[in-house]
Amino acid sequence: MGTSRGLKICCGVTAIFTVMIAIIFTILAFTVFKPKDPEIAIYPQGLENIGFGLGGISNLSTANVNVSVAMIVAINNRNYGSFKFKNATAFVNYRGDVVGTVPIEQARVPARGKLNISTVAAFMMDRLIANASFWADVLAGSVNFSTDATMHGKVTMFKVFKIQASVPSRCDISLFIQSQSVESICKTKIKL
């Protein structure tokens, strides 16, 4: 009779302990370990290169101008898992037209860490200038761009769990002509 009672107490304590552990893990999964969107900011550093090209002496209408702007892409990972992503390309848009590209090299953003990526945005000025609204925006004092990029990679939690994830990002960039300053606002949403 004593062993039966001891067995019941042991099973009861084990069941209560198991339920408590399950509740704790559930609470942690929905609060502390819930995936948070990373914070991304873009900081232009300055003009890197200007290139001029002509279509030939007989065809001056195909002249083009390319401009490169050095920039830093700052990523703040607020999650408890690191994110390793593959090479990506951000596309710079002006009023619906792609006017530039920004290569983003593969990297690993540590858990609850920050990463600065140096890159160069290549602008196709001939496409930008060809847009009918460009000069009106310049005269108004600001030119607005947007960038779209998606970084694909893996999230690693506790160096054990690896989950495929993608982080689409959209940045709205305003270039103010008079003050020669740039303002960027980026929005991201992690997808597991």
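Reader: How much space lies in the largest pocket, and which residues are the closest to its centre?

Author: In this predicted model, the largest pocket holds about 700 Å³ of space. Its lining counts 35 residues, of which Val69, Phe123, Phe145, Leu175 and Val182 are the closest to the centre. Among the elements that give two or more residues to this lining are the strands β2 (64-76) and β9 (161-176) and the helices α2 (125-130) and α3 (134-140), while β1 gives the most, with seven residues.

Reader: What makes up the lining of the largest pocket, in terms of nonpolar, polar and charged residues?

Author: The lining divides into 28 nonpolar, five polar and two charged residues.

Reader: What is the volume of the second largest pocket, and which residues line it closest to the centre?

Author: The second largest pocket has a volume of about 420 Å³, and of its 23 lining residues Phe33, Pro35, Gly81, Val155 and Met157 are the closest to its centre. Two or more residues each come from α1, β3 (81-85), β8 and β9, and the lining comprises 20 nonpolar residues, three polar and no charged.

Reader: Why is Phe17 called exposed?

Author: Phe17, which is found in helix α1 (residues 2-30), has a relative accessible area of 52%; exposed means over 50%, and therefore Phe17 is called exposed. Together with Ile21, Ile24 and Phe25, Phe17 makes a nonpolar surface patch of about 410 Å².

Conventions
Residues numbered from 1 in each chain as written. Predicted model: local features only at pLDDT ≥ 70, side-chain atom pairs only at ≥ 80, totals over all residues. Heavy atoms only, no water. Patch = residues over 30% accessible without salt bridge, like charges linked within 9 Å, V, L, I, M, F, W, Y side chains within 5 Å. Areas by Shrake-Rupley, 256 points an atom, 1.4 Å probe, with all protein chains shown as cover. Salt bridge = Lys/Arg side-chain N within 4 Å of Asp/Glu carboxyl O. Helix = DSSP H or I, 4+ residues; strand = E, 2+ residues; numbered from the N terminus. Buried < 20%, exposed > 50% of the residue type's maximum accessible area, 1.4 Å probe, protein only. 1 Å grid on protein atoms, 1.4 Å probe; cavity = no way out; pocket = protein on both sides within 12 Å on 5 of 7 lines; lining within 4 Å. Points joined across faces, edges and corners; volume = space filled by probe spheres on them. Nonpolar A, V, L, I, M, F, W, Y, C, P; charged D, E, K, R; others polar.
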